[in-house]
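Here are a few friendly notes to read alongside the picture. Keep the structure open and find each residue as you go.

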Amino acid sequence: MDGNSETFDWRRSYERKLWLTDLLVLVWVVYGTQIAWLGFREVRVASGSVDSSVPPISYWLFSAALIVVWVWSLGLIDSRSHRVIGTGTAEYVRVARASFTVFGAVAIIAFLTRVDVARGYLLISLPIGVATLVLVRWIWRQWLVSSRRTGAYSARALLVGSEQSIANIAAELRRARDSGYQVIGACTATAHPASAIPNTDIPILGTSNDVTSALKSSGADTVIVTSGDLPPGTVKRISWTLEAGKQHLVLAPSITDITGPRIHTRPVSGLPLIHVETPRFSTGQRFAKRLADIVGSLALIVVASPLLAAVAIAVKATSPGPLLFKQERIGLNGEPFKMLKFRSMHVGADKELPALLKAQGTSERPLFKLRDDPRLTPVGEFIRKYSLDELPQFFNVLGGSMSLVGPRPQIAAEVALYSDAARRRLLARPGITGLWQVSGRSDLDWEQAVRLDLYYVENWSFLGDLSILLKTAKAVFAPGETAR
């Protein structure tokens with residue numbers, strides 16, 4: 001089977017699926033809004049000026065034109081490109097940007113030509129259209145991610161570079177299967193007597209001079225250069241041999257866990273320099289995040305008040321001791337604070353922790369987590385599984401010691417074991433939920449948890465926070481086996 005045509009076909013096929021559902025969504029939204037606002041009667045878009053040369057146009061025709069332009073703009077901005085689907089927020093941002101651009105253009109043209117378009121019709125179509133498009137794209141993404149976990153709908157990648165860099169990049173790509181790269185082989189910088197990269201199952205298909213033949217024999221469609229220690233001119237030569245539109249070249253810099261607006265590519269004399277900005281949060285960003293925390297925590301306290309009352313009654317009625325468990329945690333810039341939780345253990349459980357950790361063999365590592373914790377009460381085990389014990393932390397958020405989203409606050413004994421890199425977690429206000437909690441919860445080891453929290457600190461964004469909150473809601477209602 002020709003691997004190149006196979007992978008090329010899935011890209012085109014997926015783009016066609018998105019195009020069709022975009023069209024169906026916009027037909028439903030635009031004509032649905034027109035009917036809801038104007039009814040089924042024949043209404044025309046009329047000019048606001050008696051001397052206008054623009055003839056009246058039926059709203060049925062105007063809606064059809066709006067749909068065509070909207071669908072076209074989504075393609076023009078590459079919102080269906082295989083480069084943005086599957087991961088990240090770029091796809092959703094492009095959908096919103098194209099939509100607002102279309103409606104901005106309609107408003108400007110209507111103003112300049114003095115055409116009177118029903119404002120309600122436009123004001124309703126835009127937000128409903130954007131929301132529905134993003135929802136359908138999200139549903140498609142869940143299907144795509146599920147398919148990629150089985151190896152389908154993924155680029156077949158050939159890694160080129162040093163053995164160590166190949167092993168590192170391969171491990172990252174296999175950890176993130178939903179990113180859409182399936183590693184099928186490697187070409188090393190120099191000749192290697194072994195048939196596979198050491199400590200991996202990645203077959204060595206030759207050296208960097210054999211990329212063309214390796215692509216043909218393996219059916220790979222993507223070359224990923226994993227290190228910069230290749231002979232001069234090698235990357236350029238590889239790029240010349242790739243078939244345009246069907247084979248792709250990716251450069252993987254050695255710096256990791258950096259994304260978003262911090263990365264800028266600036267060509268200098270034909271050399272693509274990658275600039276990585278230092279992480280910083282403006283006064284406006286800090287204010288906006290704090291405002292979101294206040295508004296969000298207040299709203300959640302009000303909505304969850306019946307649940308708060310029910311859990312409080314259950315805790316008090318089933319085990320002796322205080323209702324709340326107050327524990328000192330380390331917060332922003334290393335400042336301690338009292339974190340609130342519904343008590344899920346019997347009184348005096350803290351004193352038993354060192355012996356239990358020692359028995360489990362984790363007393364010398366951070367991220368103290370016990371499996372099958374014997375200190376839990378029956379109600380405590382239930383509220384732990386569904387994260388109901390965390391509800392009082394909304395008051396921590398309201399008071400400013402925590403955020404809705406951020407690195408998980410840890411006790412002083414854990415912070416004392418931090419490396420210099422791990423201490424960067426303290427640069428952000430700790431959160432009720434965070435990236436590592438929604439990426440595996442208690443099944444992650446310490447190194448993975450630190451990496452995810454550092455990624456959050458280095459690349460914070462509002463869309464990222466929203467994504468984490470949505471994943472948290474999913475994890476709460478379907479906690480699985482990793483919830484403890």
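1. In this predicted model, W70 and F103 are both buried. Their rings form an edge-to-face aromatic pair, with 4.9 Å from centre to centre and 75 degrees between the planes. W70 belongs to helix α2 (residues 59-76) and F103 to helix α3, so the pair ties together parts that are 33 residues apart in sequence.

2. W70 also turns up beside a serine: what is S99 in contact with, once its neighbours within four places in sequence are set aside? The partners are W70, L126, V130 and L133. S99 itself lies in helix α3 (residues 90-113). Its relative accessibility is 0%, under the 20% cut-off, so S99 counts as buried.

3. The structure holds 12 aromatic pairs. One of them is Y14 with W143: the ring centres are 6.4 Å apart and the planes are at 5 degrees, so this pair is stacked. The two residues come from distant parts of the chain, with Y14 in helix α1 (residues 3-38) and W143 in helix α4 (residues 119-148), 129 residues apart.

4. W143 has 35% relative accessibility, so W143 counts as partly exposed.

Methods. Residues are numbered from 1 along each chain as its sequence is written. This is a predicted model: local features need pLDDT of at least 70, side-chain atom pairs count only at pLDDT 80 or more; totals for chains, interfaces and linings use all residues. Side-chain values use heavy atoms; hydrogens and water are left out. Helices (H or I, at least four residues) and strands (E, at least two) are DSSP runs, numbered from the N terminus. Buried means under 20% relative accessible area, exposed over 50%, partly exposed in between (1.4 Å probe, protein chains only). Contact means heavy atoms within 4.5 Å. Rings of Phe, Tyr and Trp (its six-membered ring) pair if their centres lie within 6.5 Å; planes under 30 degrees apart count as stacked, over 60 as edge-to-face and the rest as tilted.
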